[in-house]
Amino acid sequence: MTVLGYLANGLVFSSIIVLGSIGLSLVYSIADFANFAHGDTMTIGAYTALVTFGAVGGLGGAVLGLPYGFFLALVVGIAAAAVVAVATEKLIYEPLDIDSIGLLITSIGIAFIYRAVIQIQFGSDFTRFDIRSLRPIEALVPYGVRVTLHDVAIVGSAVVLVVGLHVLLQYTDLGRKMRAMADNPDLARVSGIRTKRVKLWTWVIGAGLAGAGGVFLGLFNQLAPRMGFNLLLVIFAAVILGGIGSVYGAMAGGFLIGMINQLTPFFSSVVEALPIWPGWLATLLENLITIEYANAIAFVIMVAVLLVRPNGIAGEAAT
Amino acid sequence: MPRDTTDLADRRTLLKLTGGAGLVALSGCLSTTDDGGDGSDGDDGSDGDDGSDGDDGSDGDDGSDGDDSTEAYEIGMVDSLTGSLSAFGERNQRGVELALSRVNDVGIDGRELALAVEDSESENQGGIAAAQKLVNQDGVPFLIGAVGSGVSLAIYESVVEGTDVVQLSQNSTGLNLTDFPGLLRMSPSGRSQSLALSNIISEDGYDEVAITYVNNDYGQSLTDAFVDAYEGEVVYNSPHDQEQQSYSSVVSEMNSSGADAWLFITYQAEFATMVNEVFSSGYEAQFYGADSVSGDNVLENTPEGSIDGMKIVVPSAPVEEENYQSFAESFEAEYDRQPTSWAAYAYDCVINAALAIQAADEFTGAALQETVRRVSGPEGETVTSFEAASEILADGGGPDDVDYQGVSGPIDFDENGDPVGFLQVLEVQEHEYEGIDFVEG
C-alpha cells in the first residue's frame, strides 16, 4: 500500500473523529463541562438511523452507492441525537445545578443509561446497515488508494457539515451569540443574549454532529452498543490536542489523531527502511512503532504537542 | 488577565479529570490481560473460606437426606451477558434454560435445581465480582463459569482455588486452563484447534501464512500453539486489540506480507470488521479461522461471497449422534433456530452439575468434587439423557454406575479437567457454513 493509500484511509477515519470532536468541544465551550455521554450520543444517532433506514428502505435511487433512504435516515439520526441531548439537558443537567465537575460525573452515568437502553432494545450483538458493501473504486487502485464510494460519501458529508458549522459560527446571528457566550457567558448575558436559548442550540448542534458521526461510523464499520463509547477516548484525545473548547482546534485535532492512527503502518515501514544507529535503537523503534500500538503512538504525539503548546493546537483563541 | 488564569486552571482541572475518568474507563480493559499473581488473591482466598462457611450454614441441606426438604438446590453461573463475548452468553443461556427444564421435569430427589446467573461483562474484574457474589454471599458449592478463558482463570485463581467449590467452565478453550486440574471445562482445549488448523493449511498446499490474533490470553496461546505446529513459514504475525473502530492497518499489512493464506484468531465482531475492510479494499486471500470467528452474526454482517472458501475449525457436538439430534430438535422447537455447540456445552454443564448433585451424599463442594467427574466418566452404563441417568442414581446406583454422554460429546474429563472433544471443519460455501470433515481432538 502506498502513502497515498494510507492518507486516504486516514482521511476517512478522521472525518468521523472530527464530527465527534467538534460536538464535544462545542458543548464544552458553551455548556462548560466535558460530556462523557457524547460517545453514546453517537451510538443513539447510529441506531436511530438503522431503524429509520429499515423502515423507509432505499426510496428508489442512490447517490455514491448509498440509497436516498440512507440520507433520510442520516437526518433522522441527527435529529434523534439532538432531541435526546436536549431532553437530557432539560431533565437532568439543568435541574441538577451543580458545577462542571459534578456534571462531568453525571454525564458518565448518563452514558451508561443511553447504552443500557440501546442494549435492551437491540441486544449486545453487532449489526450493519442493510446496504450492499462496495468494492474499491477501480480508477484509484493503481495509485494504491483503496477507498469505496461510501468512503467518499463519508468524507463529503463531513466536509459539508463542517463547512456548514463554520458558516453558522462566523456569519449568522446565532453563531455570533455562541461565540460571545463561549468567550464570556456573563458578559454575553448582560449584553442581552438569551444564554439559555443559545445553550440549547449548542446542544442541538453538538449532539447532531455526534449523531452524524455515529451514523457514518456505523456505515464505515458496524453498529454495536459500545461503538461510540469505544471511540470516546480517541475523540477526547483529539479535542485536547486541538485545544479544548475550540471548534477549529477540535477539527485539527480530530484530523491529526485519525491520520496518525491510520498512518502507523507507514511509519513502521519507514522506521524499518531508515538506517538507524545504534542497532539496539533500531530494534527498539521497530518493535514499538507497529500497528499494535497505533493508539498509543497517537497519544504520545498528543503529549508531545501539549508539552510545546499546553493549551492545544488552537492555543488561546476560544471558539 | 485574571480571567485567563482561571480559564487555564479550568483547563488543567479538566485535563486531570478527563485523564482520571479515562483511566477509570480503561481500567476494566486493562485487567483483561491475565495477571496471575493478583495481589488481592490472598484476601479473596480468605473470602473463599467465608464462602465455605456459607456452605456450612446451608447444613439444612443435610435435611435433604430425609427427603422432606423441598427447597431447590441452588448452583451459580457466571456468564458473559454483556460485553464483547455476549454472543456466547446468549447462546449459553438458551442451552441452560433447556437443560434446567429437562432437569426440573424429573427433579433431583424431588427437589428442583435453581441456577443463579451473574454477568461477567466479559471481563476479568466483572467475572471475579460475579463469582465472589455467588460463592461468598450465595454460598453455591458448584459454579459454572466463565466464557472467556482469561475470565475463567481469574475466577479460579481469585475465588475458587483453595475452596471446595467446583468450577466448570462452559466455553473456555484457552490452552493454559489445562495447567489447572481443579478447573474443569466442557469445551475442548484450543490446542487441538491449532493443530488441526496447521494440518489443514499445510494440506491445502500453503507454505506461507499471515496470522492476526486478538491481543489476549486466548489469541496468544492459540497462535503460539499454531506457530509451533505449523511446518511452513509464518510471514506475518501480529496482535490486534478488541473493539477497535478500524482494522484497515491490519488487513493492509497482511496483504503486504505476500502470504496467500490468512489465519484469523479473533472474535466475531472484529473478524466481521476485517472482512468488510478486506472486501472494500479489494484484497484476495484464502481465509482460515479459529472457532471464535464463526457465527451467524458474521454471515449477516459481511458481504455475500466475501468469505467463500474460508475454512474454520470448530469444537463440535457429535451432530450425527442420536442424543444431539433430539437436543437440536427440542432446541429448534423452543427457539426457532439451530443450536450452536456453545449452547450444547452450557446444556451439558447444567446436566453434569445436576447429576453430580444427585449422586453426591450431601450438597457441599467437597461432596460434589467427588462426583462431578465420575457421573460423566467412562465407567458405568452409557446414558444420553438426564432422565435415564437420574433413574439409575435413584435406584441406588453410585456415580460410577452412570456414564452420561453429553450432547456436546462424551465429556470424560481427563486428569487436567479437559474433556474429550470433537472438532468439525467448516467451509463457507455460498455464504453458509458447511461441515466438510470431522477431527477428534
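Predicted model: local features only at pLDDT ≥ 70, side-chain atom pairs only at ≥ 80, totals over all residues.
Trainee: Let's start with chain B. What makes up domain 1 and domain 2 there?

Mentor: The domain assignment gives residues 46–188 + 322–421 to domain 1 of chain B, and residues 191–318 + 423–440 to domain 2. Their centres, taken over C-alpha atoms, are separated by 31 Å.

Trainee: How many residues of each domain are in the contact?

Mentor: The contact takes 18 residues from domain 1 of chain B and 21 residues from domain 2 of chain B. On the domain 1 side, α5 (149–160) and α12 (341–359) of chain B each supply at least two residues.

Trainee: What classes of residue does that side of domain 1 hold?

Mentor: The side of domain 1 of chain B that touches domain 2 has 6 nonpolar, 12 polar and no charged residues.

Trainee: Why is α9(B) called largely enclosed?

Mentor: A residue is buried if 20 or more other C-beta atoms lie within 10 Å of its own. In α9(B), 14 of the 14 residues are buried, so the helix is largely enclosed by the rest of the structure.

Trainee: And what span is expected for α9 of chain B?

Mentor: Helix α9 (residues 268–281) has 14 residues, and the expected span at 1.5 Å a residue is 20 Å. From first C-alpha to last, α9 of chain B reaches 20 Å, close to that expectation. Just after α9(B), G282(B) takes a positive phi of about 75°.

Trainee: Let's finish with the two chains. How many residues does each give to the contact?

Mentor: Chain A gives 41 residues and chain B gives 32. On the chain A side, α1 (3–31), α4 (100–122), α9 (227–242) and α10 (247–273) each give two or more residues.

Trainee: Which element of chain A gives the most?

Mentor: That is α9(A), with 5 residues. The side of chain A that touches chain B divides into 21 nonpolar, 13 polar and 7 charged residues.

Conventions:
Residues numbered from 1 in each chain as written. Chains lettered and ligands numbered in written order. Domains from an automatic or database assignment. Contact = placed C-beta atoms within 7 Å. Helix = DSSP H or I, 4+ residues; strand = E, 2+ residues; numbered from the N terminus. Nonpolar A, V, L, I, M, F, W, Y, C, P; charged D, E, K, R; others polar. Expected span 1.5 Å × (residues − 1). Buried ≥ 20, exposed ≤ 12 C-beta atoms within 10 Å, placed from the backbone.
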